[in-house]
Amino acid sequence: MPVILDSIVIPDSDLEFSATRSSGPGGQHVNKVSTCVTVSFDVAGAACLPEAARARLLERLASRLTREGVLRVSVQDTRSQAANKDLAVERLAALLRAALARPKPRRPTRPTKASRQRRLEAKKRRGAVKQGRGRIGGGEE
């Protein structure tokens, strides 16, 4: 059972696994063994999720969910179905953990006196450079 947070544990019964043949090169082995593992987790209908966590996951993972609210993670990194299954569960847990993480609140700061001074000096230098690009003769004809 993957542990997402201290308060959230997903039971194995909520995870659905399917195995298919992996893509890419690999010779005979890849053509006859189903090593690509896809784990599906129904975020919208999971009873193990508190309502606030479910809403946060549905919002933050909206681009990765199906229309029914199912999150799918596929792994075909190794030639072993068991190893790919473990990796898929780890990646699913990491994805859910990242989506549930609360961002640190931004603390507004003010620029220092020295940084304001440097900014104004840079503006004056830039203005002087542009001023020097004007016409030399004054424009009389």
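Here is a walk through this model, from its overall build down to a few single residues.

This is a predicted model, so to speak of a local feature takes a pLDDT of at least 70 and side-chain atom pairs count only at pLDDT 80 or more, while totals for chains, interfaces and linings use all residues. Residues are numbered from 1 along each chain as its sequence is written, and side-chain values use heavy atoms, with hydrogens and water left out.

**The overall build**

The protein has 4 helices and 3 strands. Both are DSSP runs numbered from the N terminus: helices are H or I with at least four residues, strands are E with at least two. Follow the sequence and you get the pattern β-α-β-α-β-α-α.

The C-alpha trace spans about 85 × 45 × 30 Å along its principal axes. The radius of gyration is 28 Å, whereas a compact globule of 141 residues would have one near 14 Å. That radius is taken over C-alpha atoms, and the globule rule is 2.2 Å times the number of residues to the power 0.38.

Of the 141 residues, 27% are buried. Here buried means under 20% relative accessible area, exposed means over 50%, and partly exposed is in between, using a 1.4 Å probe and protein chains only. As for contacts (heavy atoms within 4.5 Å), take those with a separation of 6 or more: 57% of them join residues 24 or more positions apart.

**The sheet**

The 3 strands make an open sheet in the order E1-E2-E3, with antiparallel pairing. Strand E1 (15–20) and strand E3 (70–75) stand at the edges with a single partner strand each, so one side of each has no neighbour in the sheet. Neighbouring strands are turned by 20° against each other on average, direction ignored. For angles, axes are lines fitted to C-alpha atoms (for helices over the stretch in contact), and values run from 0 to 180 degrees between N-to-C directions.

Strands count as paired if DSSP finds at least two bridges between them. E1 and E2 are joined by 6 bridges, and 6 bridges also join E2 (residues 36–42) to E3. Some residues that face each other are listed here.

| Residue | Opposite residue |
|---|---|
| Ser18 | Thr38 in E2 |
| Val37 | Val75 in E3 |

E2 is mostly covered, with 6 of its 7 residues buried.

**Helix H3 and its surroundings**

Helix H3 (residues 81–100) packs on the sheet and touches E1, E2 and E3. Its direction makes about 135° with that of E3.

Is Asn84 buried or exposed? Asn84 sits in helix H3, and it counts as buried because its relative accessible area is 0%. Leaving out residues up to four places away in sequence, Asn84 touches Thr35, Cys36, Val37, Val75, Gln76, Asp77 and Thr78.

Arg79 lies in the loop between E3 and H3. Its relative accessibility is 60%, so Arg79 counts as exposed. Beyond its neighbours within four places in sequence, Arg79 is in contact with His29 and Thr35. Arg79 and Leu96 are 17 residues apart in sequence, and their C-alpha atoms are 26 Å apart in space.

**A charge over a ring**

What lies over the face of Phe17? Lys85 does, at 4.5 Å from the ring centre. A charge sits over a ring if NZ of Lys or CZ of Arg is within 6 Å of the ring centre and within 35 degrees of the ring normal.
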